[in-house]
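Hi,

Here is the model we talked about. Have a look, and my notes follow below.

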Amino acid sequence: MTLHAVTIPKWGLAMEEGTLTSWLVAEGATVTPGEEIAEIETSKITNVLESQVSGVLRRRLAEEGDLKPVGALIGVVTDADYADADIDAFVAEFEARFATEEKVGSGAPVPETLSVDSKPIRFLKIAGSDGADGTPAVLIHGFGGDYLNWMFNQAALATARDVYAIDLPGHGGSTKDVGTATLDSLAETVDAWMAAQGLAKAHVVAHSMGAGVALSLALAHPGRVASLTALCGTGFGGTLNDDYVEGFLAAQKRKDLKPVAALLFADGDLVTREMLEDLIDYKRIDGVPEALRLLIDNALSADAIAALEAKRGDLKAPLLAIYGAEDQVVRTPAADKLPAGAAVIPATGHMPHLEAAEAVNAKIAGFLAAND
Amino acid sequence: MPQKSYRQALNEALRHEMRRDPRVILIGEDIAGGAGCEGEEDAYGGVLGVTKGLVGEFGRARVIDTPISESAIMGAAAGAAISGLRPVADLMFVDFLGVCFDQIFNQAAKFRYMFGGKAVTPMVMRAMIGGGFRAGGQHSQTLHPMLTMVPGLKVVMPSNPYDAKGLLIQAIRDDDPVMFLEHKAMYDMVGEVPDEAYAIPFGEARITRTGKDVTVVAFSLMVERSNQAADLLKKEGILVEVVDPRTTSPLDLDSILESVEMTGRLVVVDESPPRCSLAADISAQVAEHGFDDLTAPIVTVTCPHTPSPFSPALEDLYMPSVERIADAIRKVAKK
């Protein structure tokens, strides 16, 4: 007879995996069609797996308690005298094919959550490549953003160092409690998170409102910040477009949000339906509209930005300021008002790290390496 | 984002709202389990475990096991709702609608209108719908078309765990009676679901696949099947847009018309017999309001006009399958 594969069955439309709770037949035992071989438990039921064929159960390939996807090989039934080597070859080939068909976990890093002042703060760590020993970097997104804003940058910067992207309070997977929602209070949260994460000192790369937070952090805790990279930052000479922040908060539907989100880019067509739906989903979470309101009224108020601007001269850490030439959210200052060494990226709006990721990554990587 | 099952998403929604609002109560058969019996408290949590663990946190005064009497469950819930509570009543199988339809469509759905807008009826009626379980004609129906045609009822059909949580929270916060229809085949479906509470407004479609050639409108389990058909046809060069209106009442006709304006071709997939179905309703509305945009006749994919068969082989043919959906799309794409 040929080799017969015993696999995890699919009982019901929704079944995707099953746990082998017990073997009912010993390895080497003879089985007949309809004979119960094993008990398998799904999230709904436990059921018995019956043999489809007559033969000898030559291999048991799963331990009791193993959770396996539907279709996974758990045993082999064949003749008593079938060559062991041929059975092993069959098993190896089956498993190799099954593994490629299965969507195997890519090993991609997943975000973690840390409790800071007993509130959850989410972040994604991408560990530096082997042998990379640069000072770690911390990435801070802007108003309404989250760690995914750095999707084109974080891994690129991690060739030389560990890179962390944090979700600020009120954003992403972090607490929606923004406290007083001032730049200083947000900076204190970042400081406490860095302490809890064991980051004594890091390069801070920050966008928009996040750059205001980073500047507040550098002024309050100079020891924490090895260097500061500010992308389209509030507090770095630009003027905030209130239509953007108010429009972002007010939009309830995809259609209303679309023209607002288009302000983020030099090329408004970059706004995808998925991006809009992700933003709408975020704004629907309980507490988010209130948090955004508080941030607009405090961290993003004209007074707060002016006060920060006035203190910028006290910054001790090296500064790289990057701007988008066509920024419609934090309008880029005139050339003579730019900080020394500033870079203005042509044909980009408020998101140069997305619109011109390679150029921006190269600039930041060079700056961080020079200040390690 | 955390991965959770449809079942878990529903459980979280109930838990969030029960914590937030002490007026929210649950009522139904075996939703706690073991009332009046010796043994483990909270052993059951409803036939498919959606309410498991809630009696432990909120107690039997808020998680109320009832005798087998659907008319009592719905009548008590309607009464509780107009007297200030926010009940979530569990009908179990939607097929049992027959025994409590008066409470639902003649009482709960009418209160707001018959009391001049002075009465609100914030009740949610959860029910399991759909086929695929070899459960025969009395346990396999969807019945959403019957419910959709009743003014005063809102009808919700979540197609994934994320929507299940957000729509159930909205249903509980809503001041009108809401039929919340959960497909039996989806309780183990896993997807990204935030830990926080969030509410998805009714009457807002989600586009689950983007394409310029053919629009497919589908609800509940049929969304996933339509997505699979769309993915299949992409390889054949047919780009399909799948619109999941998420609620049949209110219906986001604007999003459907907007998509048809671009594609000119419409397939409506509905797990329901064809007559007076959502497939028939949406076809009629698009024919009425979007006729000039159509470049091909509308095609519907439904169950046949018979009760659901008990034979597994026949039931598989009875329900719209990925293959039938794909064939329908190919048919309109060629015209």
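Two strands count as paired if DSSP finds at least two bridges between them; the strands themselves are DSSP runs of E, at least two residues, and the helices runs of H or I, at least four, numbered from the N terminus. On that basis, β2 (residues 24–28) and β3 of chain B pair in the parallel sense over three bridges, with I64(B) in β3(B) as the bridge partner of I27(B).

Keep in mind that this is a predicted model, where local features need pLDDT of at least 70 and side-chain atom pairs pLDDT 80 or more, while totals for chains, interfaces and linings use all residues. Residues are numbered from 1 along each chain as written, with chains lettered from A and ligands numbered from 1 in written order.

Back to chain B: its open, mixed sheet has seven strands, ordered β3-β2-β4-β5-β7-β6-β12. The edges are β3 (63–65) and β12, each pairing on one side only.

Then there's helix α10(B), residues 278–289. Its buried residues (20 or more other C-beta atoms within 10 Å of their own, C-beta atoms being placed from the backbone; exposed means 12 or fewer, partly exposed in between) are L278(B), A279(B), I282(B), S283(B) and V286(B). They sit on the same side of α10(B) because they cover an arc of only 130 degrees around the axis, taken from the directions from the helix axis to the C-beta atoms. The face turned away from that buried side carries the exposed A284(B) and E288(B).

Finally, the contact between the chains (C-beta atoms within 7 Å) takes 14 residues from chain A and 19 from chain B.

Cheers

Technical notes: Expected span 1.5 Å × (residues − 1). Contact = placed C-beta atoms within 7 Å.
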